[in-house]
Amino acid sequence: MWSIALPGFAQLLTGNLVKGILFVLLEFLVNVNSNFNKGIMYSFLGETEKAMHVMDYQWLMFYPCLYMFAMWDAYRSVMSEEEKITFLPFVFSAYFVTVGLMISPKVKLFGLFPGPVFLPMLFVIPGVLTGFLVRKLLLKFYYH
């Protein structure tokens, strides 16, 4: 759960200091250079157009992969040895969120502009579901 708050926290708590510090530093690097916190603030204030204009998409595109990889790594460090291909829901989420981020300037849902924060967040849902479905199919047919 700490990885949801900030990538790297779970690694720090489990004693993986080098990895944890690296994830935290990368998160701050991407966050600051993309103006992500300012975009989050504007989005939660209902000013999603303003959020779109303050964010640097070139930097922000790194965030989904960093975030999901740090969460998967934290999960992997505590999962049982028998679990297979657990990375798939995280990978598909990173992919879907990145696509959601890329198309966010052009998408309106029910006449509302969700913007570069809320639309990618919504794309986590199909990403996780697709990842679990692909994982289930692979486990059924290839990992008896």
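## Largest pocket

In this predicted model, 22 residues line the largest pocket, and those nearest its centre are Phe-36, Ile-40, Tyr-63, Tyr-67 and Met-121. The space in the largest pocket comes to about 450 Å³. Its lining holds 19 nonpolar residues, 2 polar and 1 charged.

Several helices contribute to this lining. At least two residues each come from α1 (2–5), α3 (17–34), α4 (36–44), α7 (63–76), α8 (88–103) and α9 (115–142). The most is given by α9, which supplies 5 residues.

## Second largest pocket

The second largest pocket has a volume of about 260 Å³. Of the 13 residues that line the second largest pocket, Met-1, Ser-3, Met-71, Ala-74 and Tyr-75 lie nearest its centre.

Helices α1, α2 (9–13) and α7 each provide at least two residues of the lining of the second largest pocket. By class, this lining divides into 10 nonpolar and 3 polar residues, with no charged ones.

## Packing of α8 and α9

Helices α8 and α9, each of which supplies at least two residues to the lining of the largest pocket, also pack against one another, at an angle of about 150° and with their axes 6 Å apart. Because angles over 145 degrees count as roughly antiparallel, α8 is roughly antiparallel to α9.

The crossing of α8 past α9 is right-handed. The contact of α8 with α9 has 18 nonpolar, 5 polar and 1 charged residues.

Key: Residues are numbered from 1 along each chain as its sequence is written. This is a predicted model: local features need pLDDT of at least 70, side-chain atom pairs count only at pLDDT 80 or more; totals for chains, interfaces and linings use all residues. Side-chain values use heavy atoms; hydrogens and water are left out. On a 1 Å grid over the protein atoms alone, a cavity is a set of points where a 1.4 Å probe fits but cannot get out, and a pocket is an open set with protein on both sides within 12 Å along at least five of seven lines; lining residues have an atom within 4 Å of a point. Grid points are joined across faces, edges and corners, and a volume is the space filled by probe spheres set on the points. Helices (H or I, at least four residues) and strands (E, at least two) are DSSP runs, numbered from the N terminus. Ala, Val, Leu, Ile, Met, Phe, Trp, Tyr, Cys and Pro count as nonpolar, Asp, Glu, Lys and Arg as charged, and the others, Gly among them, as polar. Axes are lines fitted to C-alpha atoms, for helices over the stretch in contact, and angles run from 0 to 180 degrees between N-to-C directions. Angles under 35 degrees count as roughly parallel, over 145 as roughly antiparallel, 65 to 115 as roughly perpendicular and the rest as oblique. A crossing is left-handed if the near helix is turned anticlockwise from the far one by less than a right angle, and right-handed if clockwise.
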